[in-house]
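Reader: I would like a close look at strand pairing in this model and at the side chains around it. Please state the cut-off behind each term as you go.

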Amino acid sequence: MDITTLAAAQESIKALFLLAKGATAAAVDHELKGRLIEIQGAILDTQSKLGDAQAERLELLHQVAVLREQVRQNEVAKAALDSYTLHEVEPGKYLYRYSNDEQTCVEHFACPSCNNAGKVTVLQSKKLGTQQFHYWCQTCKFALTVGPSDPPLPVRRSATPQRNW
């Protein structure tokens with residue numbers, strides 16, 4: 001039932017109530033008055049139920065609007081998750097890599113833990129040495145170090161002899 005139908009029904013019931021009230025005032029017979037009062041009571045009860053139905057309808061419309069917004073947000077989140085693919089950065093070490101074909105986007109990695117939880121969190125990175133990178137997630141504290149570490153620097157010996165004085 002839409003709101004216009006409910007409003008029209010409520011107006012019709014209100015008019016019927018006024019007619020019954022007028023008939024009660026004009027009626028001489030006490031038995032007829034008693035029945036008209038019963039009708040008026042039933043009409044008032046029906047009006048009350050109709051008002052409750054309108055309030056329930058408005059509440060349901062509000063719930064539908066909230067659910068539609070949640071569905072829209074879930075679709076946006078799914079689209080964001082779908083733009084990442086699982087990538088093996090090193091044997092046995094996986095990260096999600098942004099896989100959009102646009103040239104305007106910077107290539108980056110996303111956190112696999114957050115991705116499994118249904119959200120996208122871009123990993124922060126820091127270069128350690130010349131070949132090693134450390135990735136971490138500021139949301140869930142995931143961390144991964146990739147690449148070989150630099151060999152230790154050779155110990156430099158001075159060309160001048162040391163004096164022991």
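Author: Two strands are taken to pair if DSSP finds at least two bridges between them, and the strands themselves are DSSP runs of E with at least two residues, just as helices are runs of H or I with at least four, all numbered from the N terminus. The model is predicted, so local features are given only where pLDDT is at least 70 and side-chain atom pairs only at pLDDT 80 or more, whereas totals for chains, interfaces and linings use all residues. Residues are numbered from 1 along each chain as its sequence is written, and side-chain values rest on heavy atoms, with hydrogens and water left out.

Three helices and six strands make up the secondary structure of the protein, and from the N terminus on they follow one another as α-α-β-β-β-α-β-β-β.

In one group of strands, β1 (residues 84-90) runs antiparallel to β2 (residues 93-98), and six bridges join them; within β2, Y94 is the residue that stands opposite E88. The two strands form a hairpin with two residues between them, and G92 in that turn has a positive phi of about 85°. β2 also pairs with β3 (residues 109-110), again in the antiparallel sense, over two bridges, and here R97 has F109 of β3 as its bridge partner.

In the other group, β4 (residues 124-128) and β5 (residues 132-136) run antiparallel and are joined by five bridges. Q124 has W136 in β5 as its bridge partner, while K127 stands opposite F133 in β5. This pair of strands forms a hairpin too, with three residues between β4 and β5, and G129 in the turn has a positive phi of about 80°.

In one of them, the rings of Y84 and Y98 have centres 5.3 Å apart and planes at 65°, so the pair is edge-to-face. It links distant parts of the chain, with Y84 in β1 and Y98 in β2, 14 residues apart. Both Y84 and Y98 are buried, where buried means under 20% relative accessible area, exposed over 50% and partly exposed in between, with a 1.4 Å probe and protein chains only. F133 and Y135, by contrast, form a stacked pair, 6.3 Å centre to centre with 25° between the planes. F133 is partly exposed because its relative accessible area is 32%, whereas Y135, at 13%, counts as buried. F109, F133 and Y135 form one aromatic cluster, so named under the ring-pair rule.

C111 is in no disulfide, since its nearest cysteine sulfur, that of C140, is 3.5 Å away, beyond the limit of 2.5 Å. At 1% relative accessibility C111 counts as buried, while C140, at 34%, counts as partly exposed.

Q47 is buried because its relative accessible area is 16%, and it touches Q10, I13 and K14, leaving aside residues up to four places away in sequence; contact means heavy atoms within 4.5 Å. Across the protein, 32% of the contacts between residues at least 6 apart in sequence join residues at least 24 apart. Buried residues make up 19% of the 165 residues. The accessible surface comes to about 12,700 Å², of which 57% belongs to carbon and sulfur atoms; such areas come from the Shrake-Rupley method with a 1.4 Å probe, and for residues only the protein chains shown count as cover.

Conventions. Phe/Tyr/Trp six-rings, centres within 6.5 Å; stacked < 30°, edge-to-face > 60°.
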